[in-house]
Amino acid sequence: MTEVGGWIWERNLRSFLELLSHYVGYGFDATDWETVALAIEATEATDDERTDGWYSYPLVGKHRQVEIRLARAVGGDEVRLAVKGALTPELEVRADTLLAAFAVGWPRST
């Protein structure tokens with residue numbers, strides 16, 4: 001099993017999940033987003049500094065199955081992510097590129 005990890009701004013989380021889902025052939029929808037958003041919004045539900053403070057969400061698609069592990073950075077606007085599974089070299093590069101792209105820029109207030 002391969003794992004690709006990093007961080008992104010929390011405001012980019014939905015876009016990250018939607019694009020990664022597309023790459024594995026999974027139709028990420030509003031119900032998926034509501035589930036993940038509830039997990040990440042609960043202030044004490046995730047914590048990237050605790051090994052038991054990570055939330056896992058499976059993306060089971062036509063092409064691949066991956067597990068997304070995520071946790072909010074304590075006191076920050078960042079979300080730490082890990083994409084784990086039997087990643088092809090192409091999917092590994094795509095996941096790593098998404099992480100790099102969605103980590104760019106400063107957080108902005110909405």
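User: Is tryptophan 9 buried or exposed?

Analyst: This is a predicted model, in which local features need pLDDT of at least 70 and side-chain atom pairs count only at pLDDT 80 or more, while totals for chains, interfaces and linings use all residues. Residues are numbered from 1 along each chain as its sequence is written, and side-chain values use heavy atoms, with hydrogens and water left out. Buried means under 20% relative accessible area, exposed over 50%, and partly exposed in between (1.4 Å probe, protein chains only). Tryptophan 9 has a relative accessible area of 7%, so this residue is buried. Tryptophan 7, at 32%, counts as partly exposed.

User: How are the rings of tryptophan 7 and tryptophan 9 placed?

Analyst: A pair of aromatic rings is described by the distance of the centres and the angle of the planes. Rings of Phe, Tyr and Trp (its six-membered ring) pair if their centres lie within 6.5 Å; planes under 30 degrees apart are stacked, over 60 edge-to-face, and the rest tilted. The count by this rule is 2 aromatic pairs. For tryptophan 7 and tryptophan 9, the centres are 5.0 Å apart and the planes stand at 80°, so the pair is edge-to-face.

User: Which residues touch the most other members of the largest nonpolar core?

Analyst: In soluble globular proteins, nonpolar side chains tend to be buried together. A nonpolar core is a set of buried Ala, Val, Leu, Ile, Met, Phe, Trp, Tyr and Cys residues joined through side-chain atoms within 4.5 Å. Here the largest has 26 residues, and Phe16, Leu20, Ile68 and Leu81 touch the most other members. Elements giving two or more residues to this core include α1 (13-24), α2 (30-41) and β4 (78-85). Such helices (H or I, at least four residues) and strands (E, at least two) are DSSP runs, numbered from the N terminus.

User: Which residues of α2 are buried?

Analyst: They are Asp32, Trp33, Val36, Ala37, Ala39 and Ile40. The buried residues of α2 pack against α1, β2, β3 and β4.

User: Where is valine 83, and what is its relative accessible area?

Analyst: Valine 83 lies in strand β4 and is buried, with a relative accessible area of 0%. Contact means heavy atoms within 4.5 Å. Leaving aside neighbours within four places in sequence, the contacts of valine 83 include Phe16, Leu20, Ile68 and Ala95.
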